[in-house]
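Here are a few friendly notes to read alongside the model. Please keep it open as you go through the points.

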Amino acid sequence: MKKITLLIFVALLSLCNLMGQKLTDPINNDPNVKIGKLSNGMTYYIRENKKPENRAEFWLLVNAGSMQENENQVGLAHFTEHMGFNGIKGYPGNKLTDELAKIGVTFGRDINAYTSFDETVYTITMPTDNPKNIEMAMNILKGWANDYLLDNKEIEEERGIIIEEYRLRLGAQDRMREKWFPVVFNGSRYAERMPIGTLEVLENFKPQVLKDFYYDWYRPDLQAIVVVGNVNAAEIEKMIIDKFGKIKPKKNPREKLIYPIAPNKDPMVVVCLDKEAGGNVAFMLRKFPHFVMKNVGDYKTKMTHQLFNLMYDGRLSEMLQNPNTPFVGANVGYNSFIGNVDAFSAQIVAKENQIDASIKVIMQEDYRVLKHGFLESELKRAKEELLNKYEIAANEIDKTESNSFASDYLHHFLRQDPIPGAKRVLNYAKKYLEEITLEEVNALAEKWITKDNFCIVIMAPEKEGVAVPSENEILTIIKDSSLENVEPYVDTYKEQEIVEKESLQPGTIISENRIEEVDVTEIILSNNIKVWLKKTDYKNDEIMFKAISKGGASLYCDVDLASALFAPNFVHRAGISEIDMSSLQKKMKGKELELTPDISTFKEEITGKSTPKDFELFFQYLHAFYNSPRYDTTVYELVTKGVKEQLKMVEGVPMYRALRNIIKFVTQNDYYSTLPFIQITYSEDFINSADYERAFDIYKERFANPADFIFVFVGNFDEKVMRDYLELYLGSLKTSEEKDDINPHVVKEFPKEQKIEDIYVGTEEQSFVGIVYKQGFPWTIENKTILSVLKEALDIELIAEIREKMSGVYSPVLVLFLDQLPKPEYFMMVFFGCAPDNTDNLSNAVFKILNDMKENGPSEETMIKVKQQLIKRQETSLKTNEFWQQSLTSYWFQNDDIKTIPKFEERINNLTSKDIADFLQKYFDAEQYVRVNLYPEKE
């Protein structure tokens, strides 16, 4: 009784505190984060957090970026960031990444950095099960903050890597940026300080110039330390004081200036055309001073902004269900833009020859909102959606990942964004959200939709037969008063049920079996549907789902292939049962659930997620995908036009053309192929061969027998509720005894002979190389483990050789994945960008790495790194619902034993370099490959 009384008292106390809150009160910081400032001016944020377990985020924030560069330093803020991985106190050269790799910290994944206009940020995700790791992380942060070595030799070696990164960014986007930046930024310094810099400076700067940047701007008054995770906050604070408190403040520090963007009274327009541009993009923005939240009233105002954005987004989503809409994607809203500037902006991806029509549609919608406002029904749905977002964040506060908190503290330090914490924000929403009136939201339109500070940027391909409006034509559209003649928006939504619950004939659970090794319960329903349940507490408000079956498009002949592959998209875009997609999207506002069907070469599946609160609606939606998919022929044009437009957008981009050619050569133009990105090779004839009637029939055939699927649920569900829903919604589905298998003969073989192709695309001095292998192997859990280790080992060797040693590439990409069907094979591709005269040299280096690996396996040092990286990654993955959702379904599909999942670490530790070499000697032919080289177009 005392306990109940105490709980009531606490609840009343919280309510009283909330009721006593005034709009003029300051926004207090989340009490769970310790914020401090050292005497030298350095700020720190510390928070104890348990997700993921035995991990912590260690970040260094530097409140300086490319905007602080002198004219002779353009690009050196970013170059300085790179040097943080090439020598700090205690870790000369590449020792930093080497030592971290030995404890499972992977470069690029667990340790990284970025440089922007206004900040530079370094991040490490560190295992904390050993106190030495915490000490190491703090020493690294100290090294970044104040103890760069900046060895001249290391600077020169890094120069080549940076130049290759610069080369990768060349192309249409860069050329168009040079034209539109000066317009949008209206003469501001932002137009002149792209973080990557200029080739002239990168090639010619003296090391001292870079050192000057580091000494000027890496100083405690511009820095913050962020530590969030499985740590002791008091101990971390003591370490910060001991290590960073000794850094002396700079004498006569340079002032960090915040560079303004000058206003423009008249609209400014710039049209950028380029033969290699990807897509028809219109960017419309109106600029405003940055909105800084200081008190509770400001947070209420922020919620008003969010409601406006949500309602506008809802109207755009409805437009996108109409195949005659002139754009394939659009986003409109008020958000922070850059520096001390916010923007009410629209990003539009227009269909070909419809840029002007797209701008008109968005301007008409602006005027519709400005003249007639939103509706109460729209506001109600937006409030439900926003409140649901806040509720989930508050419910998941003890399961929130540490990097999410670290990101919040970054924005607090750099932009003064408040950090009240998810529970306090939910309290604000419960108190103030309902008070926000439609008039308050609609009033924002008068504030934001103005002719002042208005800019429009057009970026489009320059190609025959494509009309792009000129700058004068865009200005004419802006001044066209007829666009203001708009009717009020009409909300046609009517509440409808997805399933008539009373009409269902529930089944029963006829058997249950516990699989102890993976904590999974196998349930068989009376209609023979098999379900695997794994109840977890990894998230409080998350239930992940997947149902999967064998068969897929392999069971259909060539003439039906397009229909089969497009069928799930047709069904998904139509809505469900008697509810069209626009109505379904409105019905789902304020609810957290997703379901997406798919048909690929050898399987059909439905993937989704939900929360305990919305779980019954989730089951009704799932039931309908099997029992009552919606028939709507209008989606045929919507889907097929959308795919054609997307392919048109990338056809001129050199990198995509390189990738498309690689896939074409490797698959021999086979659309049955299971390779990723096969869609970018689709021809217009193939897309047009899809038939809606046939596609709908194929969908019904593939999902006709739910008993041919495995249904997997992972997450925080109530077990009794789960069983009730299984019996009602899955147990009532019609099933049969028929079981489908695959047709293994539809996929073409990998080319038997070595194939080398040169293609000439693009105008920049820029090349791409793709080297592809596809090799068979016996499908065993041991061999799959070997291939996991091989992938990590090759990643390490490629970076060490062709990036660090040869300075020939910025970031080599290695793709390695396994297919059991139609026969066990692994696909491996090495892909990199480089200088055109370096393709052979680098390719030969890759071949040497592969041959050395085949001869000797990985070095012992590499094996230590790989094992730790894979084991540490698995430790984190095992505590996520996504891992179990994916692993359980893939193991079932591949006929693997799910009981072996927990033995991953044992298998990894038992592997030797000799095992890798032996495998490659048996199952890797280094000479059977496809190599595609992309070179600039010949003059």
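This is a predicted model: local features need pLDDT of at least 70, side-chain atom pairs count only at pLDDT 80 or more; totals for chains, interfaces and linings use all residues.

1. Residues are numbered from 1 along each chain as its sequence is written, and side-chain values use heavy atoms, with hydrogens and water left out.

2. Look at helix α25 (residues 781–805) and helix α26 (residues 839–856), whose axes come within 10 Å and cross at roughly 140°. Contact (heavy atoms within 4.5 Å) involves residues including L790, L794 and L798 of α25 and L842, V846 and I849 of α26. The residues of this contact divide into eleven nonpolar, no polar and two charged.

3. Now find helix α17 (residues 558–574) and helix α23 (residues 692–702), which pack at about 75° with axes 8 Å apart. α17 and α23 are therefore roughly perpendicular (65 to 115 degrees). Ten nonpolar, one polar and two charged residues make up the contact of α17 with α23.

4. Which residues touch the most other members of the largest nonpolar core? Of its 110 residues, they are I498, F619, F711, F713, L726 and L730. A nonpolar core is a set of buried Ala, Val, Leu, Ile, Met, Phe, Trp, Tyr and Cys residues joined through side-chain atoms within 4.5 Å, with buried meaning under 20% relative accessible area (1.4 Å probe, protein chains only). Another core, of 77 residues, lies apart from it and includes A350 and Y428.

Definitions and conventions:
Axes are lines fitted to C-alpha atoms, for helices over the stretch in contact, and angles run from 0 to 180 degrees between N-to-C directions. Helices (H or I, at least four residues) and strands (E, at least two) are DSSP runs, numbered from the N terminus. Ala, Val, Leu, Ile, Met, Phe, Trp, Tyr, Cys and Pro count as nonpolar, Asp, Glu, Lys and Arg as charged, and the others, Gly among them, as polar. Buried means under 20% relative accessible area, exposed over 50%, partly exposed in between (1.4 Å probe, protein chains only). Angles under 35 degrees count as roughly parallel, over 145 as roughly antiparallel, 65 to 115 as roughly perpendicular and the rest as oblique.
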